[in-house]
Each structure stands twice: as C-alpha cells, then as structure tokens.
Amino acid sequence: MSRILPPTPANLARAAACLRAGGLVALPTETVYGLAANARDDEAVARIFAAKGRPQDHPLIVHVADAEAALAWAGAWSPAAETLAARFWPGPLTLIVARGRDVSLAVTGGLPTVALRVPAHPVALAVLQAFGGGVAAPSANRFGAVSPTTAAHVAEGLGDAVDLVLDGGPCHVGVESTIVDVSQYDSGSGVAAVLRPGGVAVEALSEALGQRVAVRGEARHTEVRAPGQLPSHYAPEAQVRLVSEAELPAEAATWAAAGLSVAVLTASPEADWPPGVVPIPFPRDPEAAARRLYEALREVDRQGCHVVLGALPAERGLGLAVADRLRKAAGPRSPDGKSHP
Ligand code: TXA
Ligand code: MG
C-alpha cells in the first residue's frame, strides 16, 4: 500500500526530492488529487501513464507555482491567457496555449499545445515551490474510474504505483479544473473555447474576457453523439442512469422490483423511498453537489448497488461541470454501447 503522509515540512521536502528522483507523488489540489511527476523527465512521465493505465496520446496538464513560471512552458502568451491567468490563478482553471519549444511531446501527447494550471491548494503550491519546476499531473485515479477527492481514494485506486501520497484533506471544489483553449488567440483571430467544464464557471470566463466563451466538442451536451462511441469516464462500478427528478421514485421502484440493488442520488434522502432503494445524499446547490459528486459515486459502489439513478442539475455555474461528469459516468462502457443491464 502506498504511504499516506501528512503535509509536514519534512514530508513536503520528501515529496520534492521524490519528484527530483523521477518518482510519483499524489498531491491534493482544490479540484481533485493529482498524480504528479517531473514534467521535464520523460521516464517519470511514462510512469504516470503506466500507473493510470492511460493511453499515451492523452495529454497531461503541467502544474506550476505561478503565472510567471507558466511562461517557461508556453510558446505564446496572448492577452486572453494573461487576463484569465491574472483573474483565476491560483485556481481551478487550465489554459491551453501554444507549446513552448522544449516541452516534451510525452507531456502534450504530441500536440502543438500545452495545458497549464496553477492550483489553489497550499500543499500543491508548497511542493511546486520546493521542487522548483513544473509537474505533469492527471487526476490520481485509474483511467476511466471515479476521480479521487481524498488521499484514501488515491491509495485505494493506485496502491503501490504511487511512491507517496500527501494528505491535504478532502478537495473543496471536488470536480476537475475548467479547461479553456486560448491557443487560437495566438494566431490573432480566434476565440476562447471551453474543452471541459469544471471548477470555474463558464459565465465567469465570459465576464472576465468581455465576450461569450464557447463550450466546444465533447463538453457541449447538445452535440449529437452516436451511441457506443462515447467511452464512459468518471464511472463507478454501478451502472449510472439519468432521469428527471420527478421520475426518480418510480424509476427506482421499477429497478428494485426487478431484483436489482438500486441507489438514488437525492437531495431528499429522508423521503419515503421504495423498499430496496438506497438513497445517497446529494445536495441541490451546484457547488455543494460538485464537492460531493465523486464521494457519492464511490458510496454507491461501497453499498454494492448494481445501478445508481440521478437527475441532472441546471447547467449553470458549477452545475455544468456536475452534469458533464454525470453524463460521462452514464456513457456506454463497451463497444456494443450498453450502459445498463
Ligand atoms: O483539476 C484538474 O485539472 C486535475 C488536477 C489534478 O489538476 N487534473 C486533471 O488532469 O483533471 P487529467 O489528466 O485527468 O485531465 C486533463 C485533461 C484531459 O482531458 C486532456 O485531454 C486535457 O486535459 N488536455 C491536456 N493537454 C491538452 C491540450 N494540449 N489540448 C487539449 N486538451 C488537453
Ligand atoms: Mg482525469
């Protein structure tokens, strides 16, 4: 089992030394725990992919201590990048910018761009400062599984694959950073686009830039996707099914009557749920829901439920990120496109 250590000065120094030696350190950030390695060390970066079981062409986010350090990784730094970095860093925002010349293709998955973020967590920042460089850090979970929001989640999921886990308590945002592509600005004409909704609301980005920020590709729920082509992500063992809030009780009763153990994500756990239904408390407030989401999905698995039912929140503010994660958790899991029994 990996070592879970409190973030004492000695352990922060130990984490920095481990990174320098090419090791893997799981770090708390305000969003989720990250699996960090020296982003200038290709062998260390390769260990991240191996530990996560992640495809090699999936690019990683480089975490740095401040916006000035980010410049060393960027090939261009537009006014949009400057504005967003000044407004939201340290914080749950990742900027996609042109890749600096000496940034490893192992980190960027061969892309001409690089993802950069300054996390707003004292432990992550202390390690970055002590280490003195950038660390590549995906979420510290096996590829496709539920992201970790506590040190115990990391140890459960990655075990010995990580050299040490720094325990910074539960993550207070609870969903990953918002990813904004500002690389088009570098060519002078483009606009900013959200590639993944997350801890910074899209509305706040639009306000900071003084123009509407688009939500692009997979992040845009209106896009038509062929069943079976969307791989599930952020998924518990239990099948995830999304219904309207009004349908939850009847739908739960149907699954329970079929002999399946069914959980419901609900703001009313004390309501009169049908026999055999396991209510999992899940707040309506979008920020509280984001903080609780991954722990709630893990609770479903701990209860041994076959299926979990949930309703999508209103897609405003952090509700957009919560809805995105619930949709991906409900996505098809195998090439035949089956997402539930
Ligand atoms: O909150 C977070 O962002 C957490 C914490 C640990 O900082 N990290 C995280 O990393 O969520 P990960 O690897 O689980 O997700 C990174 C996402 C991936 O979807 C990846 O495709 C995207 O960032 N990404 C990285 N570099 C990119 C690039 N150059 N262009 C487009 N997408 C990129
Ligand atoms: Mg992830």
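Helices (H or I, at least four residues) and strands (E, at least two) are DSSP runs, numbered from the N terminus. This is a predicted model, where local features need pLDDT of at least 70, side-chain atom pairs count only at pLDDT 80 or more, and totals for chains, interfaces and linings use all residues. Residues are numbered from 1 along each chain as its sequence is written, chains are lettered from A and ligands numbered from 1 in written order, and side-chain values use heavy atoms, without hydrogens and water.

**Stop 1: the sheet.** Select the strands. They form an open sheet of 11, in the order β1-β8-β2-β3-β7-β4-β6-β5-β9-β10-β11, with mixed pairing. Two strands pair if DSSP finds at least two bridges between them. At the edges, β1 (3-5) and β11 (214-215) each pair on one side only.

**Stop 2: β9 and β10.** Select residues 178-181 and 193-196. These antiparallel strands share 3 bridges. Ile179 has Arg196 of β10 as its bridge partner.

**Stop 3: the largest pocket.** A pocket is an open set of points on a 1 Å grid over the protein atoms alone, where a 1.4 Å probe fits, with protein on both sides within 12 Å along at least five of seven lines; lining residues have an atom within 4 Å of a point. This one holds about 970 Å³. Now select Arg54, His58, Pro59, Ile179 and Arg196: of 41 lining residues, they are closest to the centre. Next, colour β4 (61-63), α5 (105-108), β6 (113-117) and β10; each supplies at least two lining residues. The largest share, 4 residues, comes from β6.

Note on methods
Points joined across faces, edges and corners; volume = space filled by probe spheres on them.
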